[in-house]
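Subject: Handover of a structure model

Dear colleague,

Please find the structure below, together with its sequence. My notes on it come after.

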Amino acid sequence: MQQIRFKAYNIGNYLNIPQVQQYLTAEQQNSIRVVGTVLPFKVNEYVINELIDWSKVPNDPIFTLTFPQKEMLQPQHFEAVDQALKNEMPKAELKELLHHIRLELNPHPAGQMEHNVPELDGVKLTGLQHKYRETVLFFPAHGQTCHAYCTFCFRWPQFVGESEMKFAMRETELLKEYIRQHTEVSDILFTGGDPMVMSTKHLKEYIEPLLDPELSHLQTIRIGTKSLSYWPFRFTDDKDADELLRLFEKIVASGKHLAIMAHFNHYNELKTEVVKKAIERIRNTGAEIRTQSPLMRNINDNPRAWSKMWKLQVKLGCIPYYMFLARDTGAQHYFSVPLFRAWQIFKKAYQSVSGIARTARGPSMSADPGKIQVLGTAMAGDEKVFVLRFIQGRNPEWVHRPFFAKFDPEAIWLTDLQPAFGEEKFFFEQEDQFYHGHRLEDLNQLAS
Ligand SMILES: *Cc1c(COP(=O)(O)O)cnc(C)c1O
Ligand code: SF4
C-alpha cells in the first residue's frame, strides 16, 4: 500500500502553514511562538486540512485543541517569554526562564512521581505506575511522543525535554516479571505520549511477551491513544497498518480482551472517512474501542458537543467511557470548567442519549486519592452539598462510597472543596497516613 505522508509542523516551521498565514493576525502568530516555546506544539496536515474549520478560527474546537493561544499562559509568563524572544535573550538564560515557568505550571499533578512508581526486588520501575489495584500503567520508551500535541495535555513535560519529569521504560522483561508477581493485576494500560506512534515491530516486542499463559491473570490489554483522531492512517494506510491489525487479532485470539482507549474531544474528529474506516478495521479484529475526553472550556463545554459526540461514537461501534475534568497543570486556567457547571453539562448530555451511550461516567477528577466523580448537588437539612464518589481509589475500599462537600459554585478541583457538615477532613484524608508511603500489596492485605 502507498504510504501516506503528511507534513508535520512545530514551533520551528509553523509559519510555513498556509492557513496560519492566511487566517491568523500577526499577533496570533506571535502568540503561537511565545506559548509554543513554553508548552509543546506539534500538528500535522491531516489535523490542519481535514479537522480544523479555518473559517471558524480562532473559535474552532480543533484549532483550540492543537494551536497555542495567548491566554493559555498566565499574563506574567506570557510577557516574560515574549520579551525574552523579542530581545533575543541568550540561550542558557532563556532555558532557565522556561524551566522556571514550567515548574510553576505544576508538572506532576496527582502525586504521580512520589507515590505510584512500583518496585521489583528493590529496583524502582520508573516506566510503570501502579496506583489502582487491578491496573498497571506502562509507559513504553518508544511511545513517548504523539502525532500532534493537545494544548491542554497534562503530560506535556515529557515532550519539552524536562527530562527529570519523564516516565519511560525499555524493559519488557521487568514489566512481565512485575505482572507475574502481581496476580491482583488484571489490566495493563499502555500509555505515553501515544503508544500508537510506535512501529508495529516495537509494539509487538512489548505486547507479545504478555500473552504468555503464565500471565493468565492478566485479562485486558488496553492501549490509550489519540491516533484515531490525529492519525487514523495508523490503522489504514501506514505501511505496517495491516501487521498492526494482525497483532490485535493475535491478542484477541490469545483469549485476552483488547481495549483501545480512544481519546476524542469533539465530534469533528469523527467526521472523516478515514477515521470511520480505521474504527471499522479495529473493530473487525475483535478489539473494543472505548472513548474518553476531558471537558474543556473553549473546546467542548456544552451538552450538545457531548451528546452529539457520544451518539456518533455509538453509531460507529465505540463505547463512551469517561468524561474527565481539566487537571491542575499547564493551561488549566484557560480550560477549566467549574465542577458545578461540568456536572450540569454531563447531566444534560446524559439525559439526551439512550442507555447505550450512558456507559460514560463523569465528570471525574483524577486526583491524588483517586478518580472522583461529581454525582450532583443535594440539600442535606439546610446545607447545600456536592455529592461525590470514588470511581477508583488508591484504597480499593473507598470505591463507590458517596461522600459530601460544601457546595461551592466556583470550585474547579478537589483541592477547592471543603467537607460538608462542619467536618474537618474528608474520610479519605483521615486515612492519610494509612496509604501514603505504603506499598499497594500491604494496603490490600490491610483491606482484606
Ligand atoms: C484511570 C486510571 C486507571 C484505570 O482505571 P479504570 O477505572 O479501570 O478505567 C488506572 N490507573 C490510573 C493511574 C488511572 O488514572
Ligand atoms: S494525545 Fe494525550 S498525551 Fe498526547 S498531547 Fe494529547 S493529551 Fe497529551
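The notes below cover the conventions, the domains, the nonpolar cores and the aromatic contacts.

This is a predicted model, in which local features need pLDDT of at least 70 and side-chain atom pairs count only at pLDDT 80 or more, while totals for chains, interfaces and linings use all residues. Residues are numbered from 1 along each chain as its sequence is written, chains are lettered from A and ligands numbered from 1 in the order in which they are written, and side-chain values use heavy atoms, with hydrogens and water left out.

Domains

The domain assignment gives domain 1 (8–103) and domain 2 (112–447); such bounds come from an automatic or database assignment. Their C-alpha centres are 27 Å apart. Across the interface, 27 residues of domain 1 are in contact with 34 residues of domain 2, contact meaning heavy atoms within 4.5 Å. About 2,500 Å² is buried between the two domains, and carbon and sulfur atoms give 64% of that area. Buried area here is the accessible area (1.4 Å probe) that two parts lose on being put together, summed over both. On the side of domain 1, K42, Y46 and L65 lose the most area to domain 2, together 27% of what that side buries.

Nonpolar cores

A nonpolar core is a set of buried Ala, Val, Leu, Ile, Met, Phe, Trp, Tyr and Cys residues joined through side-chain atoms within 4.5 Å. Buried means under 20% relative accessible area, exposed over 50%, and partly exposed in between (1.4 Å probe, protein chains only). The largest core has 129 residues, and F67, I221, L228 and F248 have the most contacts inside it. Helix 15 (residues 339–351) supplies the largest share of this core, seven residues; helices (H or I, at least four residues) and strands (E, at least two) are DSSP runs numbered from the N terminus. Because domain 1 and domain 2 both give residues to this core, it lies between them. Another core, of nine residues, lies apart from it and includes L137, A259, M261 and I391.

Leaving aside residues up to four places away in sequence, I221 touches I188, F190, I207, L210, L211, I251, K256, H257, L258 and A259.

Aromatic contacts

The whole structure holds 36 aromatic pairs. Rings of Phe, Tyr and Trp (its six-membered ring) pair if their centres lie within 6.5 Å; planes under 30 degrees apart count as stacked, over 60 as edge-to-face and the rest as tilted. With centres 5.6 Å apart and planes at 80 degrees, the rings of W54 and F67 are therefore edge-to-face. W54 lies in the loop between helix 3 (45–51) and helix 4 (61–66), and F67 in the loop between helix 4 and helix 5 (75–86), so this pair ties together parts that are 13 residues apart in sequence. W54 is buried at 6% relative accessibility, and F67 is buried at 0%.

F404 and F421 form a tilted pair, 5.7 Å centre to centre with 55 degrees between the planes. Both are partly exposed, F404 with a relative accessible area of 35% and F421 with 41%.

Two charged ends sit over rings: that of K308 lies 4.2 Å from the ring centre of Y267, and that of R361 lies 4.8 Å from the ring centre of Y321. The criterion is NZ of Lys or CZ of Arg within 6 Å of the ring centre and within 35 degrees of the ring normal.

Yours sincerely
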